[in-house]
Structures are given as C-alpha cells and as structure tokens.
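Work through the exercises below with the model open. Try each task before reading its solution.

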Amino acid sequence: MNTIVGTYECKVDAKGRLMMPAPLKKQLTASLQDGFVLKRSVFQSCLELYPMVEWDAMMKKINKLNRFVKKNNDFIRRFTAGVKVVEVDALGRLLVPKDLVTFASISKDVVFSSAVNIVEIWDKDLYEKSISGEDMDFADLAEEVMGNINDDEDGIS
C-alpha cells in the first residue's frame with residue numbers, strides 16, 4: 001500500500017475535467033498506466049479515487065462476503081453504485097462523469113485530499129465545511145478513534 005500525502009486545489013472545467021495537481025500526479029505515477037476507479041463516498045458528499053491496485057484489494061475483501069446474505073448483497077450494490085473506471089489523459093486531466101459531479105455537488109473549485117491510500121475529491125466549499133469542525137470536536141473524535149491504539153515500540157501512537 002502506498003500512502004498518498006497532501007491536499008491540493010484545482011478548478012473543474014465545463015466538461016467535468018480536473019487537472020491533476022503535479023505533486024499528486026507524481027505520487028500516483030505508478031498508477032497512471034493502470035488507471036483508477038472513481039466512486040461515490042459512503043459517508044460524505046465527495047468522490048473517492050482509487051488507484052486500480054487499491055480497488056482490486058478492496059474488491060478482494062468485498063468478494064469474501066456471502067452474497068446469499070441479503071445485507072451483504074445490498075451493501076455490495078450500494079458500495080459499487082456509480083463506480084467508473086477513469087484515466088488521466090495525456091494533458092494530465094481526469095474526466096469526472098456528470099452523475100458523479102452531481103453527486104459530489106462539484107461546481108467550480110475542487111479539492112483533492114489524500115485519505116491514506118486513496119484520494120477524496122471534494123467541492124471546495126463542502127470540503128471546508130467538512131473539516132471546519134462545526135458538527136464535531138476533532139480532539140474528541142481523535143481520542144475516541146485513536147486513543148486506545150499504541151502498538152508502536154517507541155510509545156508514540
């Protein structure tokens with residue numbers, strides 16, 4: 001798994017094309033040949049860009065679900081709804097299909113935000129709201145999610 005780092009801003013054109021920021025493109029060089037999967041986020045009004053190798057790893061996990069369990073089948077359908085295979089063109093642009101532009105309410109300014117091994121693509125205003133902390137206290141969230149994890153030998157979580 002490659003960790004992707006950074007938050008980058010760009011503009012979307014009238015056709016839904018995003019110019020992939022150079023530092024992000026450089027980090028994803030190995031994935032440019034294989035392409036990407038673009039999908040709706042499960043929890044937010046943003047898109048998730050999976051390098052194909054990461055998507056394949058996710059599909060291996062999902063493929064272990066028993067499809068004769070209705071909840072599993074429903075989950076798979078919803079998780080893969082709107083999924084598109086996309087590529088970065090020769091000019092470094094990523095074409096976001098119109099249905100996904102609509103889902104993420106992308107208008108003009110866009111944020112690419114690293115999320116460990118994938119990239120979230122946000123409308124800039126929605127991204128700013130999501131990180132502003134209006135509906136949650138990040139310190140409390142960090143303690144709840146990470147507070148009991150200390151598996152490093154150096155004592156730093």
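**Exercise 1. Glycine 6 and its surroundings**

Task: Is glycine 6 buried, partly exposed or exposed? Then place it in the chain and list its contacts beyond four places in sequence.

Solution:
- Step 1. The relative accessibility of glycine 6 is 21%. Buried means under 20% and exposed means over 50%. Glycine 6 therefore counts as partly exposed. This value, like the others here, comes from a predicted model.
- Step 2. Glycine 6 sits in the segment before strand S1 (7-11).
- Step 3. Leaving aside neighbours within four places in sequence, glycine 6 is in contact with Phe112, Ser113 and Ser114.
- Step 4. Glycine 6 and valine 116 are 110 residues apart along the chain, and their C-alpha atoms are separated by 9.8 Å.

**Exercise 2. Positive phi**

Task: What are the phi values of valine 116 and serine 105? Say where each residue lies and classify its accessibility.

Solution:
- Step 1. Start with the background: most residues other than glycine have a negative phi.
- Step 2. Valine 116 has a positive phi, near 65°. Its place is the loop between strand S7 (109-115) and strand S8 (118-123).
- Step 3. Valine 116 has 48% relative accessibility, so it counts as partly exposed.
- Step 4. For serine 105, phi is also positive, near 55°. Serine 105 is in the loop between helix H5 (98-103) and S7.
- Step 5. Serine 105 has 43% relative accessibility, so it too counts as partly exposed.

**Exercise 3. Cysteines**

Task: How many disulfides are there? Are cysteine 10 and cysteine 46 buried or exposed?

Solution:
- Step 1. The cut-off for a disulfide is a pair of cysteine sulfur atoms within 2.5 Å.
- Step 2. By that rule the count is zero.
- Step 3. Cysteine 10 has a relative accessibility of 13%, so it counts as buried.
- Step 4. Cysteine 46 is at 0%, so it is buried as well.

**Exercise 4. The second largest pocket**

Task: Which residues line the second largest pocket, and which element supplies the largest share of the lining?

Solution:
- Step 1. The volume of the second largest pocket is about 200 Å³.
- Step 2. Its lining consists of Lys39, Arg40, Ser41, Val42, Phe75, Arg78, Phe79, Ala81 and Phe103.
- Step 3. Sort the lining by residue class: five are nonpolar, one is polar and three are charged.
- Step 4. Strand S3 (36-40) and H4 each give at least two lining residues. The largest share is three residues, and it comes from H4.

**Exercise 5. Asparagine 63**

Task: Where does asparagine 63 lie, and is it buried or exposed?

Solution:
- Step 1. Asparagine 63 is in the loop between helix H3 (52-62) and helix H4 (70-79).
- Step 2. Its relative accessible area is 54%, so asparagine 63 is exposed.
- Step 3. Asparagine 63 and isoleucine 76 are 13 residues apart along the chain, with 8.9 Å between their C-alpha atoms.

**Exercise 6. The whole chain**

Task: How many helices and strands does the chain have? What percentage of its residues is buried?

Solution:
- Step 1. The chain has seven helices and eight strands.
- Step 2. Of its 157 residues, 34% are buried.
- Step 3. Take the contacts between residues at least 6 apart in sequence: 56% of them join residues at least 24 apart.
- Step 4. The chain's accessible surface is about 10,400 Å², and carbon and sulfur atoms hold 53% of that surface.

Key: Residues numbered from 1 in each chain as written. Predicted model: local features only at pLDDT ≥ 70, side-chain atom pairs only at ≥ 80, totals over all residues. Heavy atoms only, no water. Buried < 20%, exposed > 50% of the residue type's maximum accessible area, 1.4 Å probe, protein only. Helix = DSSP H or I, 4+ residues; strand = E, 2+ residues; numbered from the N terminus. Contact = heavy atoms within 4.5 Å. Areas by Shrake-Rupley, 256 points an atom, 1.4 Å probe, with all protein chains shown as cover. 1 Å grid on protein atoms, 1.4 Å probe; cavity = no way out; pocket = protein on both sides within 12 Å on 5 of 7 lines; lining within 4 Å. Points joined across faces, edges and corners; volume = space filled by probe spheres on them. Nonpolar A, V, L, I, M, F, W, Y, C, P; charged D, E, K, R; others polar.
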